[in-house]
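My entries follow the structure below.

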Amino acid sequence: MLNFDLNRPLEEERNEEPFIGQTFQSLDEAYIFYKNYAEANGFTVRKDRSATRHGKAIRRDFCCHRGGKKPLKPFHPSKSHRNRESSKCECNAHMRLTLKRSSDIFPEEWHLTKFISEHNHNLLSSTYMRLLPINRVITTEDEGQILLYKEAGLSVRQIIRVMELQKQVKHGELSFIERDVRNLFVKMKKVVGVNDAQRLIEDMNYAK
């Protein structure tokens, strides 16, 4: 079983390399471990192949996000978003978990049975890692603060700067960027628009 030492620095745990024979209580625990390791080492991960027996999962692979073959997509002149270059380059870095029972007195655990650490591409710096969409997040609490600052008339750049000061982080070290704030405003505008339309329909029905 994987036990995290509360006295060890978090960065040291994130850099701990997976090893054959390592065990986990669940696939979620294994995925979080590998995800943290990946973030500390310049790549991201995704869930890959799995195997089942009698409807029960018995094996699961977690691989580098650049694993797999590059898809062959037709070129669409009018659909630029579909013409983006795929990041896949057949990278073989991955971790395999197999469900096993060490002995009759112990429950089944997920055992790390295969681990390939080598990548066939350059790894990303911590700065670029923070900019990846998968690593950017606006929490519910941050959403409330952002919308409050917008209501007060602050621009997106001003909101970013105020929140950097509020969280006492260096410029560019928030868990989100200006684009994410703008996307939040678009999302909220759509939600408000839907609500306004719904209220209009309800008012019309009430008037009848």
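These notes go from the conventions to the sheet, then to the helix and the cores.

I am working with a predicted model, in which local features need pLDDT of at least 70 and side-chain atom pairs count only at pLDDT 80 or more, while totals for chains, interfaces and linings use all residues. Residues are numbered from 1 along each chain as its sequence is written, and side-chain values use heavy atoms, with hydrogens and water left out.

I looked up the sheet first. It is open, with five strands in the order E1-E5-E4-E3-E2 and antiparallel pairing (strands are DSSP runs of at least two residues, helices H or I runs of at least four, numbered from the N terminus; two strands pair if DSSP finds at least two bridges between them). Strand E1 (23-24) and strand E2 (45-53) are the edges, each pairing on one side only. E3 and E4 pair over five bridges in the antiparallel sense, and Asp61 has Arg96 in E4 as its bridge partner.

I then checked H2, which packs on the sheet and touches E1, E2, E3, E4 and E5 (contact means heavy atoms within 4.5 Å), its direction making about 5° with that of E3 (axes are lines fitted to C-alpha atoms, for helices over the stretch in contact, with angles from 0 to 180 degrees between N-to-C directions).

Which residues of the largest nonpolar core touch the most other members? I found Tyr34, Phe43, Phe62, Met95 and Leu97, in a core of 19 residues (buried Ala, Val, Leu, Ile, Met, Phe, Trp, Tyr and Cys joined through side-chain atoms within 4.5 Å; buried means under 20% relative accessible area, exposed over 50%, partly exposed in between, with a 1.4 Å probe and protein chains only). H2 gives the most to this core, with six residues.
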